[in-house]
Amino acid sequence: MSKQVTLTINGKQVTAPEGLTVADAAKLAGIDIPVFCHHPKLEPVGMCRMCLVEIGRPVMDRATGQPVVENGQPKIQFMPKLETACTNRISDGMVVMTQTEKATDGQRGTVEFLLTSHPLDCPICDKGGECPLQNLTMAHGSGQSRFNYNEKQHLDKMVPLGELIYLDRERCIQCARCIRFQDEVAGEAVLGFDERGRYTQIMTHSEPGFDSVFSGNTTDICPVGALTTVDFRFGARPWELKAEASICTQCPVGCNTTLNTRREAKAGGDVVVKRVMPRQNEEVNEIWLCDKGRFAYHYTEGKERLTKPMVRKDEKLARVSWDNAIKAAAEGFTANKKDFVVLASGRLSNEDLFNLKSLADTAGGEAILYSDMGGGELTQLVGVGAGTNLAKLGKGDTILVIASDLYEEAPIWWLRIKQAADRGATLIVANPRQTKLDRFAKYTIRYAYGDEIKTIHDFEKKSKISDEFTKAKNAVIFYGSEGLGVTGTSALASACADLLKETSHIGSANNGLVGVWQRANDQGAFEVGFRPVDDMEKALKGKAVYIVGADPVGDDPVLAKALKSAKFVAVQELRETATTEIADVVFPAQAFTERDGTLVSGERRVQRFHAAVAPKGDSKPDYAITSMLAKQMGVILQGTSASVVFEILVNSVEAFNELSYETLAQVKEQWPIVGRSDMYYGGTTYENTKGLGVQLVPVAQAGGAVRISKVRKEAALRPKEKELLAVPSNKLYDLGVTVQTAEFLEQRIGETKVAMHPTTAKKFEVEAGQTVKLSFEGVQAEAVVKIDETIGTGVVLVPRGMGIAIHEPVVARVQAKSAAGKVK
């Protein structure tokens with residue numbers, strides 16, 4: 001517990017933790033002090049002067065060090081001038097007055113000064129209705145201005161800071177919230193002030209402009225209409241919007257979100273999602289979102305959405321009734337029940353995956369997770385303990401990140417780990433190349449691709465790094481899939497789990513293993529019994545395959561060939577894909593925006609999302625479709641509602657035994673205080689009223705036996721003279737179905753690039769920016785060369801999800817293309 005300080009604010013005795021500012025202490029006590037530049041997540045600067053108050057302090061006797069007493073009370077001395085509540089830290093005996101005539105005159109004067117150069121066009125401003133300046137002008141401003149309207153500044157409007165954020169220069173009040181957020185919180189100082197005095201304005205000094213994956217957060221904390229997103233600018237008025245709690249489905253962090261919806265004329269009168277906003281959960285995403293989570297929701301919309309079931313007739317897919325589609329699929333699977341395979345991805349909810357696994361088990365089929373990453377059974381054993389909060393990691397704690405570029409794979413984890421390092425935690429980054437997390441690391445380890453296991457085993461040897469890890473109060477390992485496939489990641493997870501066990505960093509909060517999964521609910525898939533396979537082609541070839549939430553045909557020509565020769569294929573999907581085109585039966589599924597369900601984050605936190613808009617066409621929830629199909633196959637599964645399926649899941653899967661939708665909905669007080677009534681204080685983020693989620697208890701914490709089986713790691717590939725080692729990496733913005741449909745992210749997706757060391761490029765006679773042909777194991781693709789001096793020689797780094805089907809390290813050939821487009 002922090003030391004408590006007692007002071008008086010407006011005659012009310014307040015007790016708050018030492019170190020808080022006067023503004024924050026008042027907020028905790030339910031007393032509002034108006035602010036603009038101040039934000040509880042940022043360091044105080046006292047720039048706007050909106051929080052001017054009178055502050056008195058006890059007069060101290062220099063001889064005794066004790067307060068001077070008059071008439072039985074400590075003598076209080078006030079400064080002759082007003083002081084800023086956002087820069088002064090509280091102290092015992094302090095007296096603060098926020099509503100005296102002197103204080104209110106100061107606040108009124110600040111508002112009047114800010115309005116001297118601010119346009120008076122609230123009715124057409126994007127921020128109107130959720131604008132702190134508007135609200136505080138009504139509360140503290142004068143009814144008349146002493147300044148001439150014609151003397152106001154008239155500056156550029158709709159200035160693009162980047163492709164996602166617009167700046168309206170004449171609205172900016174120079175509070176520097178956006179600059180400070182990018183510098184202090186995001187660690188990417190890509191914004192700054194230009195010019196001086198009255199002509200001061202925000203500018204971006206990165207190339208490309210506003211080069212950060214956290215840019216959207218600046219629009220949330222901007223206290224005026226200066227910063228707006230390209231996605232929402234002039235899209236709706238805030239008071240027209242309804243809000244529903246949800247969970248981001250773009251990565252394993254599980255950020256809490258709010259979906260703002262409105263009925264749209266241009267959508268035919270349908271209710272649509274207008275924007276995605278953060279929802280406070282201080283143990284998950286605090287009040288932040290990455291830009292992918294904020295903008296990549298458009299895949300749930302559009303003409304490519306499937307709305308009717310379809311069955312292949314005369315070589316063409318034709319729309320049919322649900323009964324006919326279900327019957328056709330059931331007949332196809334029943335006729336091939338010995339070869340029945342369920343292939344599902346972590347895009348699905350726990351309820352969907354549970355019904356799919358139940359069907360596979362009952363029908364004698366195999367349940368396969370569509371993933372290049374293994375090890376989820378080990379996070380069930382030694383995952384981070386219940387009660388884990390990365391915000392509590394600091395001095396004396398250690399975090400190891402291996403085989404993962406967190407900035408590209410799970411940005412909010414990157415943010416929170418960076419903040420832990422800022423607080424003094426020892427950060428160890430182990431990767432064959434440089435990543436953006438390196439500059440916050442105390443130790444960086446460079447190993448050759450293929451030496452991941454050796455790197456972990458080296459921690460058993462006496463060294464400064466291993467000693468610090470062993471002696472750490474708490475230790476967490478994040479392992480990923482860079483340069484690895486299913487076998488390699490399984491072996492790495494095993495080695496990491498063993499290291500944690502040997503150093504006694506399992507079985508408690510803030511200790512354990514975290515998988516940096518490729519999809520939002522891969523961990524949930526492991527929890528209900530799905531497993532990935534080493535050889536997907538072999539697993540699908542000649543089988544009757546039920547594909548849910550995956551596009552193997554579009555992802556890999558080898559898998560496309562295997563599925564085209566399959567005995568029967570039924571696909572359950574949101575949108576038209578290459579896989580739906582070859583299917584015998586297609587089922588239209590509902591998007592996460594249209595239904596309820598739960599997901600399990602990489603930290604094994606179970607969280608609930610809610611329906612925000614009506615389902616498209618005749619689409620149904622995945623769990624319900626599976627239930628209908630199962631019934632036709634003679635298997636009884638629940639499909640009436642997500643809550644009923646979850647209740648059965650809870651009684652069937654031991655790790656979920658203590659959960660219910662009610663426990664997932666529980667909330668507690670969080671700091672900072674945010675919400676729709678506190679927009680000027682914490683920004684336009686939403687208060688969490690629908691649940692903070694519950695972490696699953698790993699076996700180690702529950703007191704069960706922890707036996708970590710050794711996974712055989714195959715010898716690292718060593719290419720021959722004219723070959724390269726192609727290794728997979730992960731990219732935040734890729735060509736996956738959930739991202740490429742967001743038109744505003746097109747520039748961030750960019751072209752397909754492969755990276756290599758300059759020496760390697762010279763050896764193969766290729767240059768930066770040149771198009772090359774890459775070939776390996778039946779895959780041929782073109783990409784543009786990018787030079788990276790931090791990559792080892794003899795290696796080419798290939799991004800997943802960018803049109804090149806790479807799942808694990810593989811020997812490859814690269815050939816340069818001439819200007820005429822021919823291979824040299």
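This is a predicted model: local features need pLDDT of at least 70, side-chain atom pairs count only at pLDDT 80 or more; totals for chains, interfaces and linings use all residues.
Strands of a sheet pair through backbone hydrogen bonds, in either a parallel or an antiparallel sense. The antiparallel arrangement is found between strand 1 (residues 4-9) and strand 2 (residues 12-17), which are joined over 6 bridges. Within this pairing, T8 stands opposite Q13 of strand 2. The hairpin formed by strand 1 and strand 2 has 2 residues between the strands, and N10 adopts a positive phi near 50° there.

A closed barrel of 6 strands is also present, with the order 32-36-33-35-34-37 and mixed pairing. From one strand to the next, the twist averages 45°. Strand 33 (residues 753-756) pairs with strand 35 (residues 779-787) in the parallel sense over 4 bridges. V754 has V785 in strand 35 as its bridge partner.

The aromatic pairs in the model number 17. One of them is the stacked pair of W322 and F587, with 5.8 Å centre to centre and 10° between the planes. This pair links distant parts of the chain, since W322 lies in helix 7 (residues 322-335) and F587 in strand 28 (residues 585-588), 265 residues apart. Both W322 and F587 are buried. W413 and F478, by contrast, form an edge-to-face pair, at 5.3 Å centre to centre and 65° between the planes. W413 belongs to helix 11 (residues 411-422) and F478 to strand 24 (residues 475-479), 65 residues apart; W413 and F478 are both buried.

The charged end of K27 sits over the ring of Y681, 5.2 Å from its centre, and that of R275 sits over the ring of F232, 4.5 Å from its centre.

Methods: Residues are numbered from 1 along each chain as its sequence is written. Side-chain values use heavy atoms; hydrogens and water are left out. Two strands pair if DSSP finds at least two bridges between them. Axes are lines fitted to C-alpha atoms, for helices over the stretch in contact, and angles run from 0 to 180 degrees between N-to-C directions. Rings of Phe, Tyr and Trp (its six-membered ring) pair if their centres lie within 6.5 Å; planes under 30 degrees apart count as stacked, over 60 as edge-to-face and the rest as tilted. Buried means under 20% relative accessible area, exposed over 50%, partly exposed in between (1.4 Å probe, protein chains only). A charge sits over a ring if NZ of Lys or CZ of Arg is within 6 Å of the ring centre and within 35 degrees of the ring normal.
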